[in-house]
Amino acid sequence: GVCVRARIRVHFERGKCCVALRCMEVLTTSRLSDHRAFEIASLQPQRDHSNPQKQQGWFYKTFVANQTMEAKLQKFKADVAARRGYVGSWFDDSFRYTAWVEVHRKLTERNLQSIDAETAYKLAKTGEAILLDVREAQDFEKVHAENAHNAPLFRLIQGNDLKANMRRLGYALITDFSGTERNPEFITQALGAACGDKSKNILVMCSIGGTLLTYVERTGLKAKRFADPERMFGRQSRSLKAIYELQELGFKNVIHVNGGLNEWVHQGFPSVEPGF
């Protein structure tokens with residue numbers, strides 16, 4: 001076999017540039033021993049696989065690292081913690097709310113109970129619990145579950161001042177829905193539905209229900225549970241946010257209705273439609 005090695009190093013001190021031509025090998029592969037192969041391999045540049053960011057280099061650190069889901073999540077958690085869980089805005093208290101990440105954490109820690117539409121129907125019918133619909137008033141008037149009381153978590157934007165009109169404009173530019181804001185009478189209306197008793201069983205529903213679960217569970221012969229990347233913090237909903245608000249203000253027995261009004265209607269339980 002023929003083996004030729006040439007090692008050339010050229011240094012340009014003035015330009016702070018160093019060029020190294022490490023190794024050139026011409027050899028017969030069949031006569032290459034394991035020891036010789038290791039010696040050649042050791043001359044090749046080695047990458048540090050223990051640190052992905054270091055491995056990616058300057059471009060990754062500067063333009064990519066801060067845009068990953070994990071980096072954004074950590075930044076968001078830090079921002080929420082700095083504001084004690086609140087997300088503020090230029091619109092003051094009319095738009096101030098608790099971040100969903102914080103709501104999900106608190107409700108999960110408190111082991112929030114969820115029931116299906118059938119159980120909710122039975123409890124409301126017998127008077128063992130109060131069914132509270134937290135959808136907007138105009139939606140409640142169109143259709144709602146039988147025996148339900150309305151305490152909207154949000155309402156249509158009120159007033160004609162600069163901030164109110166800017167909020168309306170923002171909704172008009174990005175969505176088909178009417179602009180809404182927090183309902184300052186929410187707790188008062190909920191308390192009225194409970195006849196002033198915060199110890200009563202309150203069943204809270206909205207349109208879709210939402211969930212605190214961070215996984216998908218399939219039943220049947222091949223039952224399986226697996227994490228869902230899109231449910232890192234469950235799926236937020238008005239009913240879950242409303243439950244958090246009620247618990248924070250002293251309501252003791254608040255229960256979540258899975259699937260909301262959509263599931264209620266789908267299961268065929270009685271509903272009221274004043275227009276018909």
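## A buried tryptophan and its partner

Trp264 counts as buried, at 0% relative accessibility, where buried means under 20% relative accessible area, exposed over 50% and partly exposed in between, computed with a 1.4 Å probe on protein chains only. This is a predicted model, in which local features need pLDDT of at least 70 and side-chain atom pairs count only at pLDDT 80 or more, while totals for chains, interfaces and linings use all residues. Residues are numbered from 1 along each chain as its sequence is written, and side-chain values use heavy atoms, with hydrogens and water left out.

## Aromatic pairs

Rings of Phe, Tyr and Trp (its six-membered ring) pair if their centres lie within 6.5 Å, and planes under 30 degrees apart count as stacked, over 60 as edge-to-face and the rest as tilted. The count by this rule is three aromatic pairs. Tyr121 and Trp264 form an edge-to-face pair, with 5.9 Å centre to centre and 75° between the planes. Because Tyr121 lies in helix α6 (residues 117-126) and Trp264 in helix α11 (residues 260-266), the pair ties together parts that are 143 residues apart in sequence; helices are DSSP runs of H or I with at least four residues, strands are runs of E with at least two, and both are numbered from the N terminus.

Tyr121 is also buried, at 17% relative accessible area, and ring pairs link Tyr121, Trp264 and Phe269 into a cluster.

## Arginines over rings

Arg225 lies over the face of Tyr215, 4.1 Å from the ring centre, the criterion being NZ of Lys or CZ of Arg within 6 Å of the ring centre and within 35 degrees of the ring normal. Tyr215 belongs to strand β14 (residues 215-218) and is partly exposed, at 22% relative accessible area.
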